[in-house]
2 protein chains.
Amino acid sequence: MGLTPMQYAIEQAQLAFRANEVPVGAVVVREGRIIAASGNNVRNACDPTGHAEIRVLRQACLLLKTTWLIDCDLHVTLEPCPMCAQAIALTHIRHLYFGAYDPKGGGIEHGPRLFSLPCCHHHPEVFGGIEEEACAELLTRFFAEKRSAE
Amino acid sequence: MGLTPMQYAIEQAQLAFRANEVPVGAVVVREGRIIAASGNNVRNACDPTGHAEIRVLRQACLLLKTTWLIDCDLHVTLEPCPMCAQAIALTHIRHLYFGAYDPKGGGIEHGPRLFSLPCCHHHPEVFGGIEEEACAELLTRFFAEKRSAE
């Protein structure tokens, strides 16, 4: 049995954890195949935009030589922030699947609820709470370890 | 007489225009010096996140080996979209100067008004309408040429 896209995204999040990055992972799927995969790479890359979602969107676009991903789906372990939400809208991604909800930093179901604004030109179908427990547990453990190390 | 940072950003927008990109330009200034400069590079780079602001924030962070730009200012010819607004907040930029207002796509004074949301951890000082006419004229001309070519 192969991994589901979200399980693959969780693996990317685990790799990010080991690299001391906030453990979020993402994959882009097209025609049943994963065409891009990444975890967060912010601190190690000195890239404030290095969220997993931004990284896989850029990878997928470069691969397909386009800026539109209309026949692609994004799977990410955490509800995207407003930056990533707008990037998702810009690429016209078909479906967005996310794991844990993010009441503090999310931009889809929380905060600006970006896809609901009239200025948002594209609203992918959104499915939240996929493998929610596993996705959230990684984040909880990461921040608990950070706090105990302080 | 040297150029002001916004005039330099306009030059970057003009270069983007010539490259058939939406003519927006940006610079990051630190201690009176421009440390990063770019125009939009979306279509040519197949990068949906290749807005001028994202590009200069990434450049500046890579140069300074950090993800925080607390002693830096961003000058951009157009009101940033929600993606760029969130990236600006993430870097803790000190001041944001922008040229033209963007009622349709802007995320600062329009749309989600991102810096005003309680979930936004950093709110730079914002100065809009700098060299507004020159910044807006480039965009108007670009889109007029696009329409007439259709």
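A: A disulfide is a pair of cysteine sulfur atoms within 2.5 Å. The model here is a predicted one.

Take A:C135. Its closest cysteine sulfur is in A:C84, 15 Å away, so the two are too far apart for a bond. A:C135 is buried, with 1% relative accessibility.

Now A:C46. The closest cysteine sulfur to that of A:C46 belongs to B:C61. The distance is 7.4 Å, which is too far for a bond. A:C46 is buried as well, at a relative accessible area of 15%.

Next, the part for a close look: helix 1 of chain B. This helix takes in residues 5–18, 14 residues in total. At 1.5 Å a residue, helix 1 of chain B should span 20 Å. Its end C-alpha atoms lie 20 Å apart, so the two values agree.

Which residues of helix 1 of chain B are buried? They are B:M6, B:A9, B:I10, B:Q12, B:A13, B:A16 and B:F17. Around the axis they cover an arc of only 160 degrees, so they sit on the same side of helix 1 of chain B.

What do these buried residues pack against? Their partners in chain B include four strands: strand 1 (25–30), strand 2 (33–39), strand 3 (72–78) and strand 4 (95–100). Helix 4 (132–149) of chain B is another partner.

Last, the end of the helix. Just after helix 1 of chain B comes B:N20, with a positive phi of about 65 degrees.

Notes
Residues numbered from 1 in each chain as written. Chains lettered and ligands numbered in written order. Predicted model: local features only at pLDDT ≥ 70, side-chain atom pairs only at ≥ 80, totals over all residues. Heavy atoms only, no water. Buried < 20%, exposed > 50% of the residue type's maximum accessible area, 1.4 Å probe, protein only. Helix = DSSP H or I, 4+ residues; strand = E, 2+ residues; numbered from the N terminus. Expected span 1.5 Å × (residues − 1). Arc of directions from axis to C-beta. Contact = heavy atoms within 4.5 Å.
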